[in-house]
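Hello,

My notes on helix packing follow below it.

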Amino acid sequence: MAAPSLNVQPLDTGTTFRSQVYHALKQAITEMDIYDHDDEIRLDERQLSDLLGVSRTPIREALTLLEQEGFIRLQPRRGIFVIRKTKTEIIEMIQVWAALESMAARMAAQSAPAAEIHKLWDLFGGFEERRPTDHVSEYSDANIAFHKSIIQLSGSKLIQDVTDNLFIHIRAIRKLTIGQDNRAERSIHDHKAIIKALEDRDADLAERLVREHTIGLAAHVEKHCDFLN
C-alpha cells in the first residue's frame, strides 16, 4: 500500500507564515493514516514550500516546532520523517487518553448542556438500520468524532490541549482497528451506553464506561497489533 499523501492548501499571506505553516502541517499529519503501511513517511521541504506557497524559512521554523512536540524527526542527511510509535508506546498513549477522556466524561455529565450531549446521538443515527461493519470507513469517522466530542464537552481547555498531541496516534490506531474483531459493533453499543449515562447525569457511570471502552482498545492493540513493532 502506498504511503499517504499530505493534504495541505496554499496559505493566506495576510498572517504569520510560521504559525500558518505549523497549523497546516499539524492538521495534515493528524489526518494521515500513518500505521496502515510499512514505509517511512518522509516530508520534503521543497514540496511543502510548493504546496503551501511560501519560502522554506517558515517551513523550517514550523518543522522545528513540530519536532519539539514529537510529531516529526529531523535526521541530518536523511530527511524529515513523521514519527510512528511502537506498540508499547501506543498502549501507554491509549492509557493516558483513557484517563483524560474518562475525566472529561465525568465533567461533561456534571455540566455539559443537555442539548450538546443529545447531539452525540446524531453521530450514529445513520447506523440504526445499517451495520457499522458494512460501512467501516464512515463509521470510523463517526467513532473518532464521538471521542473528540467527549473531550470538548468537558469544557476543559487543558484536557483538549493535552489530548490534541495524542490524537494523531490515537486517531490512526482507532481507524486502523475499528474493522477488526467485531470492534465496530461492540463500539456502537458502548457509545450508546455512554451517551445514556451522560444524559442521566450519572458522572460515575459515564467515567467508568469511557475508561473501560478505551482500555479495551489498549487490550486489542496488545493482542492484535504486533506489526507496530
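Start with helix 7 (residues 157-177) and helix 9 (residues 203-224): their axes lie 11 Å apart, at an angle of about 70 degrees. Keep in mind that this is a predicted model. Angles of 65 to 115 degrees count as roughly perpendicular, and helix 7 and helix 9 are therefore roughly perpendicular to each other. From helix 7, the contact uses Ile173, Arg174 and Thr177. They meet His213, Thr214, Leu217, His220 and Val221 of helix 9. By class, this contact has three nonpolar, four polar and one charged residues.

Next, helix 6 (residues 136-153) and helix 8 (residues 183-199). Their axes come within 11 Å and cross at roughly 30 degrees. That makes helix 6 roughly parallel to helix 8, since angles under 35 degrees count as such. The crossing is left-handed. On the helix 6 side are Tyr139, Asn143, Phe146, His147 and Ile150. Helix 8 brings Ala184, Ser187, Ile188, His191, Ile194, Ile195 and Leu198. The classes here are eight nonpolar, four polar and no charged residues.

Last, Ile117, which sits in helix 5 (residues 114-118). Is Ile117 buried or exposed? Its relative accessible area is 1%, so Ile117 is buried; the cut-off is under 20%. Beyond its neighbours within four places in sequence, Ile117 is in contact with Ala108, Ala112, Leu153, Ile195, Leu198, Glu199 and Arg201.

Best wishes

Terms used
Residues numbered from 1 in each chain as written. Predicted model: local features only at pLDDT ≥ 70, side-chain atom pairs only at ≥ 80, totals over all residues. Heavy atoms only, no water. Axes fitted to C-alpha atoms, helices over the stretch in contact; angles between N-to-C directions. Helix = DSSP H or I, 4+ residues; strand = E, 2+ residues; numbered from the N terminus. Parallel < 35°, antiparallel > 145°, perpendicular 65-115°, else oblique. Left-handed = near helix turned anticlockwise from the far one by under 90°. Contact = heavy atoms within 4.5 Å. Nonpolar A, V, L, I, M, F, W, Y, C, P; charged D, E, K, R; others polar. Buried < 20%, exposed > 50% of the residue type's maximum accessible area, 1.4 Å probe, protein only.
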